[in-house]
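Biologist: I'm new to this one. Can you walk me through it?

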Amino acid sequence: MTNKILNLITIVFIGSGLACLIAKTMSKSYVDARGILHERLYLLPVGFGLITLGLIVLVISTIMKSMQA
């Protein structure tokens, strides 16, 4: 893979992860009349996972770039 494609993948992963974290922050959490909590908690691990994947791709891209030089 070329370095430009890996950089694009990194940007997409990190951007998507940040979007998930922002969506979690902006979403409302509430308790309904029956006492059930309604919250979009799944966005936290998805967001952090995507950011982690982006950082892993960035490290791999950097290692590949240093090996070619």
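Biologist: Start with Thr10. Which residues does it touch, leaving out those up to four places away in sequence?
Modeller: Thr10 touches Gly54, Val57 and Leu58. Keep in mind that this is a predicted model.

Biologist: Is Thr10 buried or exposed?
Modeller: Buried. Its relative accessible area is 7%, and the cut-off for buried is under 20%.

Biologist: Where does Thr10 sit?
Modeller: Thr10 is in helix H1. That helix covers residues 3-26.

Biologist: Which other residues of H1 are buried?
Modeller: Along with Thr10, the buried ones in H1 are Leu6, Gly17, Cys20, Leu21 and Lys24.

Biologist: And what covers them?
Modeller: The cover over the buried residues of H1 includes H2.

Biologist: Now the other side. Which residues of H2 are buried?
Modeller: Leu43, Gly47, Leu50, Ile51, Gly54, Val57 and Ser61. Gly54 and Val57 are also among the residues that Thr10 touches.

Biologist: What do the buried residues of H2 pack against?
Modeller: They pack against H1.

Biologist: How far does H1 reach, end to end?
Modeller: Its end C-alpha atoms are 34 Å apart. H1 has 24 residues, and at 1.5 Å a residue they should span 34 Å, so the two agree.

Biologist: And H2, how far does that one reach?
Modeller: H2 has 26 residues and runs 37 Å from first C-alpha to last. The expected value is 38 Å, so 37 Å is close to it.

Biologist: Let's zoom out. How many helices and strands are there?
Modeller: The protein has 2 helices and 2 strands. In sequence order the pattern is α-β-β-α.

Biologist: What box do the C-alpha atoms fill?
Modeller: Roughly 65 × 15 × 15 Å, along the principal axes.

Biologist: How much of the protein is buried?
Modeller: Buried residues are 20% of the 69.

Biologist: What share of the contacts is between residues 24 or more positions apart?
Modeller: Among contacts with a separation of 6 or more, 62% are of that kind.

Biologist: Switching topic. How many salt bridges are there?
Modeller: The count is 1 salt bridge. Lys24 pairs with Glu39, and the closest N and O atoms are 3.1 Å apart.

Biologist: Which parts does that pair tie together?
Modeller: Lys24 lies in helix H1, while Glu39 lies in the loop between strand E2 and H2. So the pair ties together parts that are 15 residues apart in sequence.

Biologist: Are those two buried or exposed?
Modeller: Lys24 counts as buried, at 14% relative accessibility. Glu39 counts as partly exposed, at 35%.

Biologist: What does Leu44 touch, beyond four places in sequence?
Modeller: Leu44 touches Leu21 and Lys24. Leu44 lies in helix H2 and is partly exposed, with a relative accessible area of 30%.

Biologist: How far is Leu44 from Met26?
Modeller: They are 12 Å apart, C-alpha to C-alpha, and 18 residues apart in sequence.

Biologist: Next, His38. Where is that?
Modeller: His38 is in strand E2. It is partly exposed, at a relative accessible area of 30%.

Biologist: Which residues is His38 in contact with, neighbours within four places aside?
Modeller: Lys28, Ser29, Tyr30 and Asp32.

Biologist: And how far is His38 from Thr10, where we began?
Modeller: Their C-alpha atoms are separated by 32 Å. Along the chain, the two are 28 residues apart.

Biologist: Last thing. Which residues make the nonpolar surface patch?
Modeller: Leu53, Ile56, Ile60 and Met64. The patch is about 320 Å².

Biologist: Take Ile56 from that set. Where is it placed?
Modeller: Ile56 is in helix H2, residues 43-68. Its relative accessible area is 44%, so Ile56 is partly exposed.

Definitions and conventions
Residues are numbered from 1 along each chain as its sequence is written. This is a predicted model: local features need pLDDT of at least 70, side-chain atom pairs count only at pLDDT 80 or more; totals for chains, interfaces and linings use all residues. Side-chain values use heavy atoms; hydrogens and water are left out. Patches are made of residues with over 30% relative accessible area and no salt bridge: like charges are joined within 9 Å, nonpolar side chains (Val, Leu, Ile, Met, Phe, Trp, Tyr) within 5 Å. Accessible areas come from the Shrake-Rupley method with a 1.4 Å probe; for residues, only the protein chains shown count as cover. A salt bridge is a side-chain nitrogen of Lys or Arg within 4 Å of a carboxyl oxygen of Asp or Glu. Helices (H or I, at least four residues) and strands (E, at least two) are DSSP runs, numbered from the N terminus. Buried means under 20% relative accessible area, exposed over 50%, partly exposed in between (1.4 Å probe, protein chains only). Contact means heavy atoms within 4.5 Å.
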